[in-house]
Amino acid sequence: MILKITKMAFNKSENYVWSARNVLGTGATSVVYLGTNKLTGDPVAVKRFKNNQLPLREFQILRKIEHKNVVKLLTIEYETLENFPVLITEFCNGNSLAGILQSPKYACGLGEQDFLSVLSDLTAGIKYLRENQIAHRDVKPGNIMRCLKDDGTAVYKLIDFGTARQLKEEDQFETLDCGTFEYVHPALYKRAILGEFDTGGCRPAVDLWSIGVTLYQVATGRIPFNPFGGRGAKTLMYKIITEKADGVISGVQNTPNGPIIYNSTLPESCQLSNGLQKIVTPLIAGLLEPDFAKIWSFETFFYEVDEILSRKVVNIFYVQNVSLINAYLKPNETLTDLRKLLYDQTELSPEKQMLFSRSAIVTGVDVPSTTKKDPMYLLSRVDTAIITPQITCPQWNGFDSKTDMDRNVHKPDFHKAMSSGTAGYQMERLIVKHCQQEKLIYKLINHLSNFMNRTFETLDYRAQHLRDKCKLLSFTADFIKHCLEVTNYSTTTTSRKDFQRILSESDRISQTIAKLHDKYVINNSNKEWNRISANLKLPTTTRLDTRANVLREQFQQNLDCLKKFDYFNAHTEYIIAKRQIEQILQKLKHILMSEVMTEHGLLCERFNEWYPSMQVDLLKIEILTNDFDEIRREVQKFEHALEPDQQHYKEYVNDLKIRGQQTYNLMSRRKNLNELLKENQKILTDWNELLGIFKNTVAIT
Ligand SMILES: Nc1ncnc2c1ncn2[C@@H]1O[C@H](COP(=O)(O)OP(=O)(O)OP(=O)(O)O)[C@@H](O)[C@H]1O
């Protein structure tokens, strides 16, 4: 990092140096500067207190703690010239969560991965403080810093221990100093903001409420409880937070004296997937509880967070709704549990679900691994058509060109820039999302065609094999039957009638398989899709998502210009930036509402033309595979039943041979003629019998 330290405003202490121009942030009690270690050049944060006093409590608490999710105190030093104390802490290079949420990109809250990182790091930090019996008492996005590591990952750290206290779980505290208006627990609010002391003391659990508010804001970009007058409406705020029903996670008044709109779910604009919202909402509701008797304990909170973080995300593309779903599975959960989770999110009951992974229809208990780019596909067994999603174009307040020459436009321009920024990012996200959906539809078509191709190739081969086997078995059965007819050998003859049925069944299945084999393997079903989709533009050629990315970058540069340029000294640049923003927004709107909508609509239309026959064949595969396996089992049974027949008969013939040999031996040894004649008689009968058998056997084979 290059530190911009100017000669003009330059402060130093024994080991550190900082410039008054490099302000990292300003709080109620302090200003924090970017500084550097004189010897090593390492960047640090230098916190100077507005009253120039050393905050002993903050120092004492910070001195004792060391955890990766809590900012590290390096030392305390005194400014060389004016002798005021400064706290030197590690520098967090990635802005505070409050700062991040103020940027238009995150106006609707953080994305899924970032949210989970905040949840994990914030909980780990709070857990560590709990283990050391410290209540922070000012948890809010402004006091959570992001540190970006070299590999691009982020670590979130708690800062600002100005209001922290050493407290045990059962401790109650009376207080006048407290955290920040929007984030404080109702009990603390009543005391510190309304100044009323008629109830019992506060408990360390006040932190849980602030965590709830923080998590809501990180998930949505907004604070959950908001009276129309904002901070001024103190009594109304108190009413909102204390009168909310169980399970309610937000309460907002949109008009003066208007109704308070309570909600138990996260708003539609929230960036988190439905699957994550379903498990995070009860967590937030458990924390936003005004009654100390009902609020979750820290242990419950830690347990529930661990439970959420241990879940495995399964990415599913729900084809009929053209939407990506995230299902959060517990570590030991199976495909059956996944189907239930999918039912919760899609109302498609498990029997109607067909899950298709890259290579096959998913069956059994194991859940295949997925990614966003390679999800599992959820197909309905009953609905064929996919519904073309409708897009509502985000709105924004355009800059008014009349105010270009007005010197008081900075503030309104700032709000319009925020509104434009939010709309710009929303449009980009929608374009990227729809392009991704299109890519997934194309991928699915490819996967399905390949799957059909492979399946029918294998099935046809197996069917031919089974047919050959049946022929062989039929021949063997006939042979045995003949053998039995010429000898007196009796056995449990296998029913030929049964086998006749098996034979005709296997013929029927083989014929169906052969037809589908010709359709998919010989004629190549992709031809059909290629014909139907002939005039569609592939997402890889339109590259609407890349164009949207580029426009968003240009747009962000102009937003930065608006912030940076001095209206008075760089008037032209300022106005150009505003015009550019307007133009880029119009371009994004055109891509979204015309190009994306048209392509998407056409693709869905063509898919709906192609898919029904594919769906029928997909279902046929399942039925055919089942029927085929059934026949195979029956053939096997028949084969096994023939075995003893063949075996016994072989033994019977062998026995005859042995007896013939014995008779011959006997004959050569016998001296007595009578005996000899008797023996000859017997030999003759045996030989005739034996000959008859062999003649027949030879004739048959
Ligand atoms: N270690 C740090 N690295 C980078 N920036 C920091 C660091 N510590 C503080 N800041 C910035 O300075 C701002 C004010 O810091 P801090 O919250 O500690 O001051 P405060 O006066 O106690 O604030 P308040 O009481 O109003 O919450 C933070 O919001 C953040 O933007």
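Colleague: Hi! What should I know about the model before we start?

Modeller: It is predicted, so local features need pLDDT of at least 70 and side-chain atom pairs count only at pLDDT 80 or more, while totals for chains, interfaces and linings use all residues. Residues are numbered from 1 along each chain as its sequence is written, and side-chain values use heavy atoms, leaving out hydrogens and water.

Colleague: Great. At what angle do α4 and α6 cross?

Modeller: Roughly 160 degrees, and the axes of α4 (residues 186-193) and α6 (residues 234-243) come within 10 Å. Axes here are lines fitted to C-alpha atoms, for helices over the stretch in contact, with angles from 0 to 180 degrees between N-to-C directions. Helices are DSSP runs of H or I, at least four residues, numbered from the N terminus.

Colleague: So are α4 and α6 roughly parallel or antiparallel?

Modeller: Roughly antiparallel, a term for angles over 145 degrees.

Colleague: Which residues of α4 touch α6?

Modeller: Pro186, Tyr189, Lys190 and Ile193 of α4 meet Lys234, Met237, Tyr238, Ile241 and Thr242 of α6; contact means heavy atoms within 4.5 Å.

Colleague: Switching topic: how do α3 and α7 pack?

Modeller: Helix α3 (residues 112-131) packs on helix α7 (residues 274-287) at about 30 degrees, with the axes 13 Å apart. The two are therefore roughly parallel, which covers angles under 35 degrees.

Colleague: And which residues make that contact?

Modeller: Glu112, Phe115, Leu116 and Leu119 come from α3, and Leu276, Val280 and Leu283 from α7.

Notes
Angles under 35 degrees count as roughly parallel, over 145 as roughly antiparallel, 65 to 115 as roughly perpendicular and the rest as oblique.
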